[in-house]
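Dear colleague,

My notes on what was found in it come after it.

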Amino acid sequence: MSAPAIETRALRKTFGDLRVLDGIDLAVAPGESLVVIGGSGTGKSVLLKCILGLLQPDGGTVRIEGRSRAALAPRDFLDRVGMLFQGGALFDSLPVWQNVAFRHLRDGMARVEARERAIETLGRVGLPPRTADLYPAELSGGMQKRAALARAIAAEPAFLFCDEPTAGLDPILAGVINRLIRDSVDRLGATAITITHDLTTVRTVADRVALLDGGRIRWMGPAAAIDHSGDAHVEQFVAGSDRGPISTLR
Amino acid sequence: MIALLARIGAWTLGGLAGLGRFAAFAGAAVTHLVRPPFYGRELAVALLQIGWLSLPVVGLTALFTGGALALQIYAGGNRFGAEAVVPQIVAIGMVRELGPVLVGLMVAARVTSSIAAELATMRVTEQIDALVTLSTDPMKYLVLPRLLAATLAVPLLVGVGDLIGILGGWIVGTGRLGFVSAAYLRNTLDFLEPLDWASSFAKGAVFGFLAALMGCWFGMTSGRGAMGVGRATKGAVVAAAVAILAANLILTEAFFSA
Ligand SMILES: Nc1ncnc2c1ncn2[C@@H]1O[C@H](COP(=O)(O)OP(=O)(O)OP(=O)(O)O)[C@@H](O)[C@H]1O
Ligand SMILES: [Mg+2]
């Protein structure tokens with residue numbers, strides 16, 4: 001069996017005395033789509049940033065295709081990554097199309113072609129061509145999120161990380177986005193980790209689901225199992241109940 | 001007492017560690033000069049921002065200062081019958097000292113602040129993290145172009161400032177103090193030596209580098225939120241101004257003490 005595309009072992013991260021990640025063991029197979037759920041403030045975004053190397057973990061290891069992430073050259077990892085930040089993180093000094101075409105422009109693609117490709121990618125997230133020349137600050141929150149997703153998928157990444165891709169979107173567009181992520185996995189063979197609070201996203205995007213709570217993976221199982229997991233954490237999350245093992249004070 | 005000593009020790013260690021990180025940052029930034037890829041477009045934008053768009057403020061500062069300098073030297077020289085040296089002293093004062101320092105301080109005000117605020121905002125809104133995930137090194141894409149542009153453009157700004165300062169002195173000297181235009185200019189040109197100009201440009205390059213370096217360092221290491229951006233900007237401008245004045249003393253010593 002080949003090495004997992006993404007693997008973490010005993011990953012730990014603390015901020016001051018706040019223990020956010022307390023021994024995370026994850027393995028995502030090549031071409032698999034993992035969805036991470038869990039209460040707000042439980043460390044999902046921190047987990048993604050530790051995997052990407054944007055935050056330095058306090059302990060544990062991150063391996064990409066069997067090799068230590070810290071030792072990888074850009075062409076082995078970051079060149080193949082697409083990341084959608086929870087806050088979008090579009091470059092506000094560049095127009096939308098240059099955000100989307102960032103990698104292409106940097107790698108020397110002709111501007112006319114890069115622009116055409118960017119407009120095509122914007123179309124895939126449901127943004128009309130007229131948005132291409134606007135600046136990020138001129139877009140609505142949901143439009144910014146979609147433009148940021150367009151930037152993440154523009155170069156057909158082998159590793160796709162999405163932090164709450166459908167937050168703030170109407171259900172119709174959320175459906176478009178969910179299918180787009182699923183499509184990246186199915187059609188392009190990407191390995192994906194998606195963070196979400198949206199159960200529709202869980203059901204459409206996930207091969208497997210991991211529930212994060214108290215700094216650990218409390219439950220992990222196939223997407224189809226979340227409705228009859230037999231796990232109190234998952235049941236509470238799916239039911240949206242304030243009673244259960246997941247604290248509402250965090 | 002022990003607690004106080006421990007506190008002082010901790011501050012000292014913290015300060016040294018910070019200084020070490022700063023030195024490592026500066027060193028790393030400079031090594032990117034010789035390691036591709038290079039971002040030419042970013043450099044062009046930075047040159048425009050730092051050099052070209054600073055011209056008005058630099059010109060006005062130098063013009064007023066050159067004029068005031070002429071008045072002061074005339075009034076001061078009058079006390080011992082030496083008012084004829086106005087052209088020479090204005091020239092040497094502008095080129096050796098006031099031109100570089102004033103331009104350096106104006107660049108600290110205009111350029112350092114904007115670099116620090118821009119990079120700090122990018123830090124706070126995760127745009128710098130986003131750059132990393134797009135496998136673009138922020139040191140190369142953000143820091144190096146600004147450092148390089150400032151180091152190249154500020155000497156030219158200083159040259160322009162020197163000339164406009166001399167022009168300010170000439171305007172006041174011929175308009176108010178009764179100097180003859182041709183004689184004023186000849187006295188100025190005959191008096192200045194190549195070393196005066198060399199020191200002016202060298203100071204400009206060092207001050208430009210320091211101004212951009214402080215902006216980049218404080219911006220890249222900014223704390224969170226709007227307060228973090230404000231702190232970074234304030235810290236950068238103060239550090240740049242102090243560093244420029246200190247470097248000025250050292251460079252003046254190096255060029256002219258003999
Ligand atoms: N840079 C940081 N410095 C200090 N604390 C941080 C930092 N980043 C995150 N935290 C803390 O870590 C915890 C987890 O944050 P994280 O952003 O990962 O939550 P999350 O699970 O993504 O929540 P949400 O679903 O609301 O986005 C929070 O308590 C937060 O305060
Ligand atoms: Mg989050």
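This is a predicted model: local features need pLDDT of at least 70, side-chain atom pairs count only at pLDDT 80 or more; totals for chains, interfaces and linings use all residues.

**Chain A as a whole**

Chain A is built from 8 helices and 10 strands. Its radius of gyration is 18 Å, close to the 18 Å that the globule rule gives for 250 residues, so chain A is as compact as a globular protein of that length. Taken along the principal axes, the C-alpha atoms of this chain fill a box of roughly 55 × 40 × 40 Å, and 54% of its 250 residues count as buried. If one takes the contacts in chain A with a separation of 6 or more, residues 24 or more positions apart account for 64% of them. The chain exposes about 10,900 Å², of which carbon and sulfur atoms supply 51%. As for charge, chain A carries 30 positive and 29 negative side chains, and the centres of these two sets lie 3 Å apart.

**The magnesium site**

Which residues coordinate the magnesium ion (ligand 2)? In the model they are Ser45(A), through OG, and Gln86(A), through OE1, at 2.0 to 2.1 Å. This pair links distant parts of the chain, since Ser45(A) belongs to helix 1 (residues 44–52) of chain A, while Gln86(A) sits in the loop between strand 6 (81–84) and helix 2 (96–100), 41 residues apart. The two also fall into separate accessibility classes: Ser45(A) has a relative accessible area of 19% and is therefore buried, the cut-off being under 20%, whereas Gln86(A), with 39%, is partly exposed.

The loop that holds Gln86(A), between strand 6 and helix 2 of chain A, is also where Ala89(A) is found. Ala89(A) has a positive phi of about 55° although it is not a glycine, and with a relative accessible area of 4% this residue is buried.

**Ala29(A)**

Elsewhere in chain A, Ala29(A) is located in the loop between strand 2 (18–28) and strand 3 (33–37), where it is partly exposed, with a relative accessible area of 33%. Leaving aside residues up to four places away in sequence, Ala29(A) touches Ala5(A) and Thr191(A). Ala29(A) and Gly244(A) are 215 residues apart along the chain, and their C-alpha atoms are separated by 31 Å.

Once residues up to four places away in sequence are set aside, Gly168(B) touches Leu63(B), Gly66(B) and Gly67(B). Computed along the sequence Gly168(B) and Ala68(B) are 100 residues apart, but in space they are 8.1 Å apart, C-alpha to C-alpha.

Ser54(B) lies in the loop between helix 2 (40–50) and helix 3 (55–78) of chain B, and at 1% relative accessibility this serine counts as buried. Its contacts, again not counting residues up to four places away in sequence, are with Gln49(B), Arg110(B), Val111(B) and Leu157(B).

**Backbone features and loops in chain B**

Pro36(B) and Pro37(B) are joined by a cis peptide bond, with omega at about 0°. Pro37(B) has its place in the loop between helix 1 (2–31) and helix 2 of chain B.

The loop between helix 5 (127–133) and helix 6 of chain B contains Ser135(B), which has a positive phi of about 45° although it is not a glycine. Ser135(B) is buried, with a relative accessible area of 16%. Asp137(B) is found in the loop between helix 5 and helix 6 as well, but this aspartate is partly exposed, with a relative accessible area of 31%. Asp137(B) and Arg110(B) are 27 residues apart in sequence and 26 Å apart in space, C-alpha to C-alpha.

Methods
Residues are numbered from 1 along each chain as its sequence is written. Chains are lettered from A and ligands numbered from 1 in the order in which they are written. Side-chain values use heavy atoms; hydrogens and water are left out. Helices (H or I, at least four residues) and strands (E, at least two) are DSSP runs, numbered from the N terminus. The radius of gyration is taken over C-alpha atoms; the globule rule is 2.2 Å times the number of residues to the power 0.38. Buried means under 20% relative accessible area, exposed over 50%, partly exposed in between (1.4 Å probe, protein chains only). Contact means heavy atoms within 4.5 Å. Accessible areas come from the Shrake-Rupley method with a 1.4 Å probe; for residues, only the protein chains shown count as cover. Lys and Arg count as positive and Asp and Glu as negative; His and the chain ends are not counted. The place of a charge is taken as NZ of Lys, CZ of Arg, CG of Asp or CD of Glu. Donors are N, O and S atoms within 2.8 Å of the metal (3.2 Å for Na, K and Ca); water is not among the atoms, so sites may look incomplete.
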